[in-house]
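Please open the structure in a viewer and keep the selection tool at hand.

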Amino acid sequence: TGACIHTLEGHGYSLNSMCVSADGSRLFSGSWDNTIKMWDVATGSCMHTLQGHENCVNSVCVSADGTRLFSGSDDHVIKAWDVTTGACVQTMQGHTHVVNSVRLSADGLRLFSGSADRTIKVWDVATGACVQTLEGHTRVVESLCVSGSQLFSVGWNRTMKVWSTLP
């Protein structure tokens, strides 16, 4: 019908990113207030406020099974969160500048992060280890998308790149 069902409010500053769980029941938002909020889509209520980043949260993505949330921030790190408890279960470090985008591989085994350091890092989700660094952008990597066995990136150098995500 086009009717607004809910207006979700609660962050202290502007919102940068959002994602929704595969079943459509949970919405996650990342903000300049350094937090992530988990929302119940049916009621519009905030279920958890996730705190742990030291700077604004630029990107969030949730696993297909809805159990893990990943976030990238201006503090140069990626965090993994337990959706049930709201606890940070892992911090992945390796970028030397702002993390603008985080996306999971189609199989959920790898996490990709795009950064202002002009790189894309590939992380093993199980261990949190960086397993590869993709180089080729000459300026900031702003956004990532994944489809099947391909990773797509866009950067400030006015280019988009297509990468194979297969080993």
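A salt bridge is a side-chain nitrogen of Lys or Arg within 4 Å of a carboxyl oxygen of Asp or Glu. The model is predicted, so local features need pLDDT of at least 70 and side-chain atom pairs count only at pLDDT 80 or more, whereas totals for chains, interfaces and linings use all residues. Residues are numbered from 1 along each chain as its sequence is written, and side-chain values use heavy atoms, with hydrogens and water left out.

**Stop 1: strands β6 and β7**

Select D82 and R68. These two residues form a salt bridge, with their closest N and O atoms 3.4 Å apart. D82 belongs to strand β7 (residues 77–82) and R68 to strand β6 (residues 68–73), so the pair ties together parts that are 14 residues apart in sequence. Strands here are DSSP runs of E with at least two residues, numbered from the N terminus. Is D82 buried or exposed? D82 counts as buried, at 18% relative accessibility, while R68 is partly exposed at 30%. Buried means under 20% relative accessible area, exposed means over 50%, and partly exposed lies in between, with a 1.4 Å probe and protein chains only.

Next, select the whole of β6. Five of its six residues are buried, so β6 is largely enclosed by the rest of the structure. β6 and β7 pair in the antiparallel sense over five bridges; two strands count as paired if DSSP finds at least two bridges between them. Within this pairing, G72 stands opposite I78 in β7. The two strands form a hairpin with three residues between them, and H76 in the turn has a positive phi of about 80°.

β5 runs antiparallel to β6, and five bridges join the two strands. V57 is found opposite S73 in β6. This hairpin has five residues between its strands, and G66 in the turn has a positive phi of about 75°.

**Stop 2: the second largest pocket**

Which residues line the second largest pocket? Select C61, V62, S63, A64, R103, L104, S105, A106, D107 and G108. A pocket is defined on a 1 Å grid over the protein atoms alone, as an open set of points with protein on both sides within 12 Å along at least five of seven lines; a 1.4 Å probe is used, and lining residues have an atom within 4 Å of a point. The volume of this pocket is about 150 Å³, a volume being the space filled by probe spheres set on the points.

**Stop 3**

Five bridges join β9 to strand β10 (residues 110–115), and V102 stands opposite S113 in β10. Now select R110 and D124, whose side chains meet in a salt bridge of 3.1 Å, N to O. The pair links R110 in strand β10 with D124 in strand β11 (residues 119–124), 14 residues apart. R110 is partly exposed at 30% relative accessibility, whereas D124 is buried at 17%.

**Stop 3: the sheet from β1 to β4**

Finally, select β1, β2, β3 and β4, another open sheet of four strands in this order with antiparallel pairing. Its edges are β1 (15–20) and β4 (46–51), each with a single partner strand, so one side of each has no neighbour in the sheet. The twist averages 20° from one strand to the next. β3 and β4 pair over five bridges, and the bridge partner of T35 is Q51 in β4.

How many salt bridges does a search of the whole structure find? The search finds three, among them that of R26 with D40, where the closest N and O atoms are 3.4 Å apart. R26 lies in strand β2 (residues 26–31) and D40 in strand β3 (residues 35–40), 14 residues apart. R26 is partly exposed at 23% relative accessibility, and D40 is buried at 16%.

Notes: Axes fitted to C-alpha atoms, helices over the stretch in contact; angles between N-to-C directions.
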